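Please go through the model below with me, one question at a time.

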Amino acid sequence: MIEAPEARILSEQLNETVRGKKITDVYTQFSPHKFAWFTGSADEYTEWLSDKTIDHAQSQGGMVEITIGDKVLVLTDGVNLRYLSPGTKLPAKHQLLIAFEDESCLVASVRMYGGMMCYDKDATAGSLSDYYLTAKSKPQVMSDDFTKEYFLGLINAESAQKKSAKAFLATEQTIPGLGNGVLQDILYHTRIHPKKKIAELTDKEKENLFYQVKETMNDLYRQGGRSTETDLFGESGKYVACLSKDTAGTACPRCGETIVKENYLGGSIYYCRGCQPPA
C-alpha cells in the first residue's frame with residue numbers, strides 16, 4: 001500500500017509524462033480481480049474516458065487523483081500504476097489499461113485490494129466514496145496546512161485518548177496517506193511503543209510525534225519512496241525502513257536490543273524492545 005509521499009511522486013510523474021495526452025482506448029478487468037473496485041460498471045469506463053485528454057494529477061492522502069476532461073479517476077493506495085512507452089510489452093495481468101494516441105499507456109493492477117473509481121468532476125459529496133471524500137477533505141500531511149496546531153488538535157481530542165499510538169496514526173484515516181508501512185519508523189524515532197495509549201503520552205512526546213511525522217514523510221519523498229515500492233516507471237525507492245520484516249529479530253543499531261515483530265490490530269507491528277518499552 002502506497003503512502004502519501006509515494007502518491008505525490010506518482011502524481012508528479014504523471015504530470016511530467018502523460019499530461020496533455022489524448023486517450024484512445026480504455027480496457028477494464030482484463031484479468032478479473034475479486035477485490036478490484038470500480039464506480040458503477042467497469043464496462044462504462046471506455047465510454048467515460050475515451051477521446052478525452054489528461055489534464056493533471058494530484059495526490060489525496062495515499063491516493064492518486066487524475067482529472068480527465070469532465071471526469072476524475074481516483075486510484076486508491078492498493079493500486080500499482082505503471083507507464084509503458086510505445087512498443088513495451090504489456091503485463092500479463094492488469095485491471096485497467098488506458099491507451100494514448102502515441103501508443104503509450106498507463107496500466108493499473110490491484111495487489112490485495114484497491115479501487116479505480118471514476119466520478120464526474122463536479123460530483124457532489126454524496127456520490128463520492130467515503131474513503132476518498134475523507135482524504136480529500138483533510139489537510140494533506142505533507143502540506144503547509146498540516147500544522148503542529150492541527151496535529152495537536154487531533155491527538156488531544158477526547159476520541160483519541162483511548163487509542164494506541166498505532167491506532168491513532170494509521171486507522172480511520174486520521175491522517176490520510178499515513179499507514180502501517182511508515183508508522184513503524186515514526187514511532188521508532190520517537191521511542192514510542194505502538195501499543196502505548198495516547199492518553200499516556202506527554203506533551204513533549206506529542207510534539208516530537210508531530211515533527212517526526214513530517215520529517216519521515218519528507219524523507220520518504222526525498223528518497224523517491226520506500227525500497228519496497230516502485231514508481232510510475234517501475235523504479236524502486238531508496239528509503240530503507242528502519243523497522244520491517246527484514247529487521248525483525250535483529251539487533252537495534254541504536255541500543256543493541258532485539259527488534260520485535262507482533263500481530264496487532266489486523267496487521268504487524270515492529271518495535272525495539274529497548275528503545276520502545278511497553279507502556
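Q: In which strand is D55 found?
A: The model is a predicted one. D55 is in contact with R19, T67, I68 and G69, leaving aside neighbours within four places in sequence. The strand in which D55 is found is β3.

Q: Is D55 buried, partly exposed or exposed?
A: The relative accessible area of D55 is 30%. Buried means under 20% and exposed means over 50%, with partly exposed in between. D55 is therefore partly exposed.

Q: How far apart in space are D55 and G20, C-alpha to C-alpha?
A: D55 and G20 are 35 residues apart in sequence. Their C-alpha separation in space is 6.0 Å.

Q: What percentage of contacts between residues at least 6 apart in sequence join residues at least 24 apart?
A: Contact here means heavy atoms within 4.5 Å. Among contacts in the protein between residues at least 6 apart in sequence, the share that joins residues at least 24 apart is 63%.

Q: What percentage of the 279 residues count as buried?
A: The cut-off for buried is a relative accessible area under 20%. Of the 279 residues of the protein, the share that counts as buried is 52%.

Q: How far apart are the mean positions of the positive and negative charges?
A: The protein has 32 positive and 37 negative charges. The mean positions of these two sets are separated by 7 Å.

Q: Where does L10 lie, and is L10 buried or exposed?
A: L10 lies in helix α1, residues 4–17. Beyond its neighbours within four places in sequence, L10 contacts I2, V64, L81, D231 and L232. The C-alpha atoms of L10 and R82, 72 residues apart in sequence, are 9.3 Å apart in space. The relative accessibility of L10 is 6%, so L10 counts as buried.

Q: Which cysteine has the sulfur nearest to that of C275?
A: C275 counts as buried, at 5% relative accessibility. C275 is in no disulfide. The nearest cysteine sulfur is 3.6 Å away, and it is that of C255.

Q: Which residues does T247 touch, not counting residues up to four places away in sequence?
A: T247 sits in the loop between α7 (203–222) and β10 (259–264). With a relative accessible area of 16%, T247 is buried. Not counting residues up to four places away in sequence, T247 touches A241, C242 and I259.

Q: What separates the C-alpha atoms of A199 and Q161?
A: A199 has its place in the loop between α6 (180–190) and α7. A199 is exposed, with a relative accessible area of 51%. A199 and Q161 are 38 residues apart along the chain, and their C-alpha atoms are separated by 4.6 Å.

Q: What value is phi of D51 near?
A: D51 is in the loop between α2 (45–49) and β3 (54–60). D51 is exposed, with a relative accessible area of 59%. Phi of D51 is positive although the residue is other than glycine, and the value is near 70 degrees.

Q: Is Q173 buried or exposed?
A: Q173 lies in the loop between α5 and α6. Not counting residues up to four places away in sequence, Q173 touches M63, D130, Y131, T134, A135 and K138. At 14% relative accessibility, Q173 counts as buried.

How values were computed
Residues numbered from 1 in each chain as written. Predicted model: local features only at pLDDT ≥ 70, side-chain atom pairs only at ≥ 80, totals over all residues. Heavy atoms only, no water. Buried < 20%, exposed > 50% of the residue type's maximum accessible area, 1.4 Å probe, protein only. Lys, Arg positive; Asp, Glu negative; His and termini not counted. Charge placed at Lys NZ, Arg CZ, Asp CG, Glu CD. Disulfide = S-S within 2.5 Å. Helix = DSSP H or I, 4+ residues; strand = E, 2+ residues; numbered from the N terminus.
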